[in-house]
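Take a look at the model below. This report follows how its two chains meet.

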Amino acid sequence: MLIGLLAMVLLSHLNLLAALSQAIEEFAMTAQAKQTTFFAANLKPADPAHRVALFALG
Amino acid sequence: MNGVVTTLSGYAGGSTVAPTYRSIGDHSETVLVEFDPRLISYEQLLEVFWDSHDPSAEPYLTQYRNAVFYTSEKQRQAAEDSRQTLQKRLGRPVRTAIEPAGIFTPAEDYHQKYYLQRVEALMAELRERYPELQQLFRSTAAARLNGYLGCNGDPASFGADLRSVGLPAELERDAR
């Protein structure tokens, strides 16, 4: 019975840890999304005389 | 390259909103180059681009395809012309895409200035001048240093180049 109780306590701790880990990951992803959204429209060069070129290199 | 003001790694060419490296969607890994047309032409950048990849390669993943994303009609024309010239010279089809630039999303910090971020002494020196990491990544100094560390550029002009972007020439030792 004691083992069962210990297992339950351990399991609840693991669930808590998993939930915490997920919350941290979600927070990090939200922060990343905010950052990328902030920069997404930033195609304007710093100097109006400058130009922007984009190249994809596989 | 003299005339290149800023470089940024990122994602472009697709429609996925706010792409990241882990969820890039239909975008391709792309480099943004801000340049001063009084010092370097778009055609010169195109030459480097064509020399930097195999233009007849079949893309095996959208993430890693080859493409020019033009930002003006003039760029589109220049890209098309240079592709045609190259195709004639190679005598085989050029599969590199030429498409209009949509939204460019900068990649995560750890993808920026890849070579530079691995040299602590140089990063420390730059952080003094650019306390904000985003400023550092967008600086000409960082673009220039990263280029040299990636074994591009003429080593003979490295010291002079460092001074031209406001860095002490002694940093040359740390970079070597």
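Which residue in β2(B) does A56(A) stand opposite? The residue is T30(B). Keep in mind that this is a predicted model.

## Strand against strand

β1(A) pairs with strand β2 of chain B, residues 28–35. The two run in the antiparallel sense, and six bridges link them. F55(A) also has a bridge partner in β2(B), namely V31(B).

## The contact between chains

How many residues does each chain bring to the contact? Chain A gives 20 residues, and chain B gives 36 residues. On the side of chain A that touches chain B, α1 (2–40) and β1 (51–56) each supply at least two residues. Sorted by class, that side of chain A has 14 nonpolar, five polar and one charged residues.

## A closer look at E34(B)

E34(B) sits in strand β2 of chain B. Is E34(B) buried or exposed? E34(B) is buried, because 21 other C-beta atoms lie within 10 Å and the cut-off for buried is 20 or more.

Leave aside residues up to four places away in sequence. E34(B) then touches P45(A), A46(A), H50(A) and V52(A) from chain A, plus V5(B) and T6(B) from chain B. T6(B) is 28 residues from E34(B) in sequence. In space, their C-alpha atoms are 5.0 Å apart.

Notes
Residues are numbered from 1 along each chain as its sequence is written. Chains are lettered from A and ligands numbered from 1 in the order in which they are written. This is a predicted model: local features need pLDDT of at least 70, side-chain atom pairs count only at pLDDT 80 or more; totals for chains, interfaces and linings use all residues. Two residues are in contact if their C-beta atoms, placed from the backbone, lie within 7 Å. Helices (H or I, at least four residues) and strands (E, at least two) are DSSP runs, numbered from the N terminus. Ala, Val, Leu, Ile, Met, Phe, Trp, Tyr, Cys and Pro count as nonpolar, Asp, Glu, Lys and Arg as charged, and the others, Gly among them, as polar. Two strands pair if DSSP finds at least two bridges between them. A residue is buried if 20 or more other C-beta atoms lie within 10 Å of its own, exposed if 12 or fewer, and partly exposed in between; C-beta atoms are placed from the backbone.
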